[in-house]
Protein chains: 4
Amino acid sequence: MIIILKEGITEPQIAHVVERIESLGLKAHLSRGTYRTVIGVIGDEARIAATPLEAIPGVAQAVNVMPEYKLTSKTAHPQPSIVAVGAGPTLARFGGGHVGMIAGPCAVESAERMDAIGGAVKKAGANVLRGGAYKPRTSPYAFQGLGEEGLKILRDAGKKHSIAVVTEVVDPRHVELACEYVDMLQLGARNMQNFVLLTEVGKTNKPVLLKRGMAATVKDLLMSAEYIASQGNSNIVLCERGVKGFDSACRNMFDVAAVAQVHQLSHLPIIVDPSHATGRPEIIPSCALAGLAAGADGVHIEVHNCPEEAMSDGPQALLPDQYAALMVQLKAVAQAVGKTWG
Amino acid sequence: MIIILKEGITEPQIAHVVERIESLGLKAHLSRGTYRTVIGVIGDEARIAATPLEAIPGVAQAVNVMPEYKLTSKTAHPQPSIVAVGAGPTLARFGGGHVGMIAGPCAVESAERMDAIGGAVKKAGANVLRGGAYKPRTSPYAFQGLGEEGLKILRDAGKKHSIAVVTEVVDPRHVELACEYVDMLQLGARNMQNFVLLTEVGKTNKPVLLKRGMAATVKDLLMSAEYIASQGNSNIVLCERGVKGFDSACRNMFDVAAVAQVHQLSHLPIIVDPSHATGRPEIIPSCALAGLAAGADGVHIEVHNCPEEAMSDGPQALLPDQYAALMVQLKAVAQAVGKTWG
Amino acid sequence: MIIILKEGITEPQIAHVVERIESLGLKAHLSRGTYRTVIGVIGDEARIAATPLEAIPGVAQAVNVMPEYKLTSKTAHPQPSIVAVGAGPTLARFGGGHVGMIAGPCAVESAERMDAIGGAVKKAGANVLRGGAYKPRTSPYAFQGLGEEGLKILRDAGKKHSIAVVTEVVDPRHVELACEYVDMLQLGARNMQNFVLLTEVGKTNKPVLLKRGMAATVKDLLMSAEYIASQGNSNIVLCERGVKGFDSACRNMFDVAAVAQVHQLSHLPIIVDPSHATGRPEIIPSCALAGLAAGADGVHIEVHNCPEEAMSDGPQALLPDQYAALMVQLKAVAQAVGKTWG
Amino acid sequence: MIIILKEGITEPQIAHVVERIESLGLKAHLSRGTYRTVIGVIGDEARIAATPLEAIPGVAQAVNVMPEYKLTSKTAHPQPSIVAVGAGPTLARFGGGHVGMIAGPCAVESAERMDAIGGAVKKAGANVLRGGAYKPRTSPYAFQGLGEEGLKILRDAGKKHSIAVVTEVVDPRHVELACEYVDMLQLGARNMQNFVLLTEVGKTNKPVLLKRGMAATVKDLLMSAEYIASQGNSNIVLCERGVKGFDSACRNMFDVAAVAQVHQLSHLPIIVDPSHATGRPEIIPSCALAGLAAGADGVHIEVHNCPEEAMSDGPQALLPDQYAALMVQLKAVAQAVGKTWG
C-alpha cells in the first residue's frame, strides 16, 4: 500500500501516521517529494486493508497495490479454472477453453412448458437448462414462482432430456432444499451483495452461477466471488448481464469488456447473458456473438416457446427457432476463436 | 395503459392484440394515426401490469400511465405520512413537516464508544442513534459486526441517553431478534431489492428505514417500499444515500432531486444520508444542508469519536464537534424552509 | 405522437390541448380510458416535434412514435449504405457487408514515425490510416498537434503506402483546409454535439467518421448524423468508442450493443473503436473481436511503434506486432460472421 | 507523481523507467515494498503530466498528486474570487459570499416577450438576464435562434430594465460579435470541451459562464476553465447543470456535491442550474434551494411567460409568478447560510 500525504502536513502528523503503521506490525518507508511526501508500507498488506488509514489526519490517499480478493485472483491460481456442472451424460464445462451454453425460460411455469423448452434447447446444443422457482420480482404483485414444485419440474425436465439444470436461490433458508434438485445454484444480480446468501451457497459443494450486480464493478464481482470461495466452494462461474447505463433504449448496458477484465484478474470462468443485458430479442444475438468472440466461457440465453404468455420477462425471450439459429452462429464464432464446444 | 403498435402491423395481428387484451377482461380502444395505430386499454390496469404485452407480435411499446406502486403512492394517501420512531422521551418524527436526525457510528464497536458517541449526538440534537451489529461488508475478511452483543450495547446506549435506536438487518433469520432491541429497522442499499428481507420486515410492526440502492431509480425505491407495505407495515422512511455515478471523486452521486420526486409521488417521508452519498467529511455538511433545503424529512450522518480507529467506514465519519457545528447550520436551514425540528 | 393527459384534467383543459394541436394543422383523436385520456395526433408529426406540448397545462407525457431523424433512418433508406473512402488502390468500404480497418497513431508526430507506422498497419491489412493534426486535449498545456504540417505528413504517408487517410477536425475554420489533404474527416466524441462543426462538414463531400459522444444515446448519435446529412452529405460512418460508465477500471464503457441498435434504426455503417473505449492494450483485442462479431462494419485501432514516446494517448496504443496478430484473429471472426474484408 | 511498478518487474526494466524520468530532468526516488516497488518523482511535475509514463513496460500505475489545473486551483489563489458582471446599476457579483441570480427564457424569441420576461425577473430580484440567440439544438430541424437580431433584443431588454445580460456562444466566429452586445458569455454543456471555443472566449475580457458537460467530472470542468484562464481571462463562473444519470425520471442527475467539491479545489465561483439539471418545473424549486444551501454562488433558472409557446425548452420553464415565489424562499435560505444577495 502507498500512502500519499497531504500538502502542508506537519512533522508530528507524519510521525503519527508512521506510528500507526508500525503499530500494525508493518514497516513505513518515507519518500519526500518536492510537493508531497509518500509512505510505502512494507509487510503483510492484508493486515491494513480494513484499517481506515484515510481517516488519519494528514493522509490524502491510500493506494492499494494488491487486490483485496485472494482465492479468486490469478495470483493465487494462475491457470484458468474449469468448472464442471452435472456429470456423465449431463456434464457441462465452463472455462479453460470450454464454453457452456445455458438456456431456458425465466420462470418454471408448468411441466408441459418446461418439457417442451428443455427438449428444444437441448436439441439446439445447450448443455444447462435454466428455470426459476423463486423469482425476485420488483413488484410484490407479480408472479413469485412455483417454489419447490418448480424445482421438481425443473429436475424432471433435466432428467428427461439429459441436461444439467440451474436455478436461482433468493433465501438462505432455501439453499439446502434447492441443492437436492439442481446441479448449479444461481445468485442473481440483485443478490450479488447479499452477503448472507453468498456465505450460505459457499457452504455447499454445488457450482455457483454468480451474476454481476447492476452497479457492481468487476472488482466488486470478484469480491463477492471471494465470499463464496472463502467458505470453501470455488466452483464459481461469473456472469456479465449488463449494468446500469444512461441509455434507456436497452434494459441495461452490456459491458463486454468485463470478459477480458475478469480473465486478466482471475482464474474463474465468466459467461455472458445478453438476454438480461439488453432485454431486446432483436439485439440479443449480436451481443451473444460479441461475448463469445470476446472470450467468454459460455452464453446464457432466455428461451420461451410462447413469450406473450410467459409469467416473467416474456418480452426478452428468444423463440426456440431463434435460439437454434443463433447457436449455429455461435458455433462458428467459437471455432474462430479456438474454443471447445461443451 | 397505452399500447403503441409497430409500423406495418397487419390487420390479423391487430386483431390478435385486441383479443389478448379482451381475454384479460379489459376493453381495447383503437386509434389509427397516419403512421401508427395505438390501443388505449380501458379497465383495471393492475390486471395487465404483469402481462408481457410487448412480447405480442406487432406491439412496439406499452406505456404505463398508472404507477405500479399503490399503497405507497400519493393517490392512495394524498397527505404526507408522519412516521414515529420510539415513544415518550425518545420519540422522533419523520415527515409532514417534522425532521428527524439520525446519527452514530457505522458499526457498534464497544459499550464505551457507543456511550460516548450516543451522548455526544444526543447533546447536539440528534433524536435517533444508529449503529450496526451485522455489517454487510464487501470483503469477507473485514469486520462483520458484534451480532446480538452489538444489539444489546446499542439498546443500552439509547436507554442511557434517552434516544431511539436504529440498526441494520441483513438476514431474514435475525429480524425477530433485532425487533427485541431496537426502535427502527434499517434495510441497507445493497438489500433494497432483497425481496425476502423486505417481506420479513413488512411482517413486523417496527418502523423501517429503507435505503435506496446504488442502481435504483426512485420508482424502484417505491416498489421496494411497496413490498414492505404490502405485508401490512406502512411505517417506512425512505433514504437517499447516493447512487452510482461516473465521477470517482465522491464515493457515490448524491441525488438530491430524489427528495422532491418522492414528495411528488408518495406520502412516505424521505431523508438524506450525505455520509454514504459522498464518503468525504469535507463534502458532507454541504450536502446535508442541501438535502434539508430540498425538503428532506431528516438527515442521517455517521459520527465517530476516533475515525482512524473505526472498524468500518472510518474515513467518512464526522467528529462529534463537526457534527454539533453542522447541526447549528441545519437548524437555521430547517427554520428557513419551515420545518419542525423533531 | 401520442399525448397522455394528466389524471383529473378538466374538460376546458382538454379542449385547449385539442385546439393547440389543430392550430398546427393536425387532427386530434381522443381516447378516454378508465384512468386517463390520451390523444392520438394524426398528420405530419414533424410539425409538432419542436412544439413544447408537455408545457401545455394538463399534459402528462408526449410519446413520439416516429424517430426525429429522417435521412439517416432505415425507413428513409431500408438497405444498408456502403460508404467508400479513398479510390482506386486506396479504396476502403464500410457497410453492406464490407468491413474497413482504420489504424494509426493518435497524433501525427513526425514524417519518420508516420511512415513507419503507416507501412506497418498497411502490411497488417488496414485500409485507412489515421493521425491527428489538431488534437482536442483536455489540458491546455498538452501537445496540441502539428496543424497543417501534420496534414501534409499524413497525406504523404498515405500516398507512399497506398492507403486512404483520415484526420480529425476541431475548428469550423479548418474544415476546408483539411479537405485538401485527407480522404475522410473525423468528428471526435467531444464534438459530436458541436452543431456548428457538424454543419460545416455536412457542406463538404468528404466521408465523415462521426464518433459517439461520451454521454450520447444511440438516438443522439443519429441526430448528430442527421445534422450532417441535412446539409447534403450522407457519407457518414458512425463509431462506437465507449461511453461514461461507473467502473473506472476502463477509460470508458464499451457499448457493443450500439452496433445492433444502429443496424436496427439506420442504414449508416457503424464501426467500433476499442482503443478509446477501454484505454487498455490488454483489453483492446477482446473488444475488437467482440465488435466485429456483433456485426460492426469495421474496427478502429490506435497503433504506435513506441507508445512510451507518443505525444498523445501512448498508454492505449497497440504495437505494430500486436496489431498484426489481432488482425489475423479479426479476419477469422469476420469470416465466421460472413463479412467481406475491405 | 508516484509511479507504481508491476509485480515481477525486472531490474533492467526498473532501470529503464528511472532513466526515462531522469531524461526529463527529474529525480526518481525508489521505494521497494514487499510486493511492489514504487518510484516517487521529485521535481517539476508539470513536465511529466503529458508524458505517457503508463506506456513504459513495467509501469502499473502513475498517480498524480498535484492537480493538472494550475491557474484555477485554490493553491494558486487561496481566497475565493469574486466575478463581477455588468457595472454600475447592472452590477452582479458571483463568489466570495455574493450570490448572483440569472434568469430568462431559453431562447430570445421576440422583443415583446424579452421585455415582459426581463421586467418580471428583474422585479423578482434577478440580476442577470439570459436569452439564447444561437441555440445548440439536438435536431437540425428545430429553431436555431435569431442570431444577431436576438443579441440586439437581449441588449435592449437589459438596458430597459437595468439588468446585465448573458448569452451563449457556439461558434468561434461569433465571439467577437457577441461581445459587442452582452455582459457575459455562456459556454454550454455540449461545448464544455470545445477547446477551440474555450480558447476564443479566453482571449476576450468578458466574464464567462462555463457549464459543466454531461459526462464531465469536476476535474474535467476545472480543466476546461483552465483553458480559458490560460488565455488570460480568469473571470469565470462555473455552473453545475446536471450530468447523465440512469434514472430517466429527470432529464439529468443534479450533482449538488459538485458545489462543495469546486469550493475545495478552486477559487472560482460555482452556481447551479436546476432547470437544465431536472427539466421538470415541479422539481426545480427544491433543487434550487438545495444548491444555495450547499453553498452555491448563484442560481440560474429558465423563466418564460408562456411555456407552451416557447420555441425551445418550454416544458422546463418556470412562470414569472413561480419564479417570484421561489426567489422569496431562496432569500430565506441565502440568509440562513450567510450569503450576501447580489
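User: What makes domain 1 and domain 2 the parts of chain A?

Analyst: Chain A is split into domain 1 (2–63) and domain 2 (83–341). Those bounds come from an automatic or database domain assignment. Taken over C-alpha atoms, the centres of the two domains of chain A are 44 Å apart.

User: How should I read the numbering and the model?

Analyst: Residues count from 1 along each chain as its sequence is written, and chains are lettered from A in the order in which they are written. The model is predicted: local features need pLDDT of at least 70, side-chain atom pairs count only at pLDDT 80 or more, and totals for chains, interfaces and linings use all residues.

User: What makes a residue part of the contact between chain B and chain D?

Analyst: Its C-beta atom, placed from the backbone, must lie within 7 Å of one in the other chain. Chain B gives 33 residues and chain D gives 34 residues.

User: Which helix of chain B gives the most to that side?

Analyst: H10(B), with seven residues. Helices are DSSP runs (H or I, at least four residues), numbered from the N terminus.

User: Why are chains B and D said to be related as by a two-fold rotation axis?

Analyst: A rotation of 180° with 0.0 Å of shift along its axis superposes chain B on chain D, RMSD 0.0 Å.

User: Which C-alpha of chain B is nearest the axis?

Analyst: That of Ala290(B), 2.0 Å from the axis.

User: How do you know that the same surface serves both copies?

Analyst: 100% of the contact residues of chain B recur in chain D.

Technical notes: Two residues are in contact if their C-beta atoms, placed from the backbone, lie within 7 Å. Helices (H or I, at least four residues) and strands (E, at least two) are DSSP runs, numbered from the N terminus. Copies are superposed by least squares on the C-alpha atoms of residues with pLDDT of at least 70 in both.
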